[in-house]
Amino acid sequence: DIQMTQSPASLSASLEEIVTITCQASQDIGNWLAWYQQKPGKSPQLLIYGATSLADGVPSRFSGSRSGTQYSLKISRLQVEDPGIYYCLQGYSAPLTFGSGTKLEIK
Amino acid sequence: EVQLVESGGGLVQPGRSLKLSCAASGFTFSNYGMAWVRQTPTKGLEWVASISTGGGNTYYRDSVKGRFTISRDNAKNTQYLQMDSLRSEDTATYYCARHAGNNYFDYWGQGVMVTVSS
């Protein structure tokens, strides 16, 4: 199975700050990587797909990048509505696997 | 508007069965692969099973192979997850999800809770 090592596990940042979350794949997964945001009591919402493509309706302050087998989600200016848990997902091969999540809070 | 609405969850004893349903609307159901994903506080998000557009191809995680069956009825815009021989470790919130593009999920249902306990 492909392991997705996500870091940090938790993060506290100030409004307007830049936030970066990373996922390290245990093997090459190309651009088969998506990012999700989950708020308490809600289902995950798609932010980024294909490692770098912004999903419909997602604010442009969210962006995704790739360097080899390391993938990053960047929030360019943290907003009050951005706290939640963020997950990565690899869709390269079954079983599809998620990162363990990053809990983002406002400082 | 895409909507996925799960039903059928509940409390069930170990070894018993439960069938989840997911009613889809707002899109052409038969054009999309579908999936079930579950979530627990300890294991996080886990992909459970996927089914192709016509239902001819199904895929499962190892821990549920031989116990769970994913299926769909395109005439009813509904997918199902038949869960047999349930174990305590199957306790989770189960989400119905729509497959898109590079094997990611673009829409999710609200989730349904399944508790396996005596």
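A residue is called buried when its relative accessible area is under 20%, exposed when that area is over 50%, and partly exposed in between, with a 1.4 Å probe and protein chains only. By that rule both Glu46(B) and Arg61(B) are buried.

The structure is a predicted model, in which local features need pLDDT of at least 70 and side-chain atom pairs count only at pLDDT 80 or more, while totals for chains, interfaces and linings use all residues. Residues are numbered from 1 along each chain as its sequence is written, chains are lettered from A and ligands numbered from 1 in the order in which they are written, and side-chain values use heavy atoms, with hydrogens and water left out.

**Salt bridges**

A salt bridge is a side-chain nitrogen of Lys or Arg within 4 Å of a carboxyl oxygen of Asp or Glu, and the whole structure holds 11 of them over all chains. Side chains of opposite charge can pair when their charged atoms come close.

| Salt bridge | N to O distance |
|---|---|
| Glu46(B) and Arg61(B) | 3.7 Å |
| Lys65(B) and Asp62(B) | 3.1 Å |
| Arg67(B) and Asp90(B) | 2.7 Å |

Arg67(B), in the loop between β6 and β7 of chain B, and Asp90(B), in the loop between β8 (78–83) and β9 of chain B, are 23 residues apart, strands being DSSP runs of E with at least two residues, numbered from the N terminus. Both Arg67(B) and Asp90(B) are buried, and salt bridges with shared partners join Arg38(B), Glu46(B), Arg61(B), Arg67(B) and Asp90(B) into one network. Asp62(B), by contrast, is exposed, with a relative accessible area of 62%.

**Disulfides**

Two disulfides are counted over all chains, a disulfide being a pair of cysteine sulfur atoms within 2.5 Å. In chain A, Cys23(A) is joined to Cys88(A) with an S to S distance of 1.9 Å. Because Cys23(A) lies in strand β3 (residues 19–25) and Cys88(A) in strand β9 of chain A, this pair ties together parts that are 65 residues apart in sequence. In chain B, the sulfur atoms of Cys22(B) and Cys96(B) are 2.0 Å apart, and with -65° about the S-S bond this link is left-handed. Cys22(B) is buried, with a relative accessible area of 0%, and Cys96(B) is likewise buried, with a relative accessible area of 0%.

**Asp82(A)**

Asp82(A), in the loop between β8 (70–75) and β9 of chain A, is buried, with a relative accessible area of 1%. Its side chain makes a polar contact of 2.7 Å with the side chain of Arg61(A), where a polar contact is a pair of N or O atoms within 3.5 Å; within protein, one must be able to donate a hydrogen and the other to accept it, and residues adjacent in sequence count only if both atoms are side-chain atoms. A polar atom of the Asp82(A) side chain also lies 2.8 Å from the backbone nitrogen of Gln79(A).

**The interface of the two chains**

Between the chains, 18 residues of chain A are in contact (heavy atoms within 4.5 Å) with 14 residues of chain B. The area buried between them, meaning the accessible area (1.4 Å probe) that the two parts lose on being put together, summed over both, is about 1500 Å², of which carbon and sulfur atoms give 66%. Pro44(A), Leu96(A) and Phe98(A) supply 35% of the area that chain A buries against chain B, more than any other three residues. The count of salt bridges between chain A and chain B is zero.

Terms used: Helices (H or I, at least four residues) and strands (E, at least two) are DSSP runs, numbered from the N terminus.
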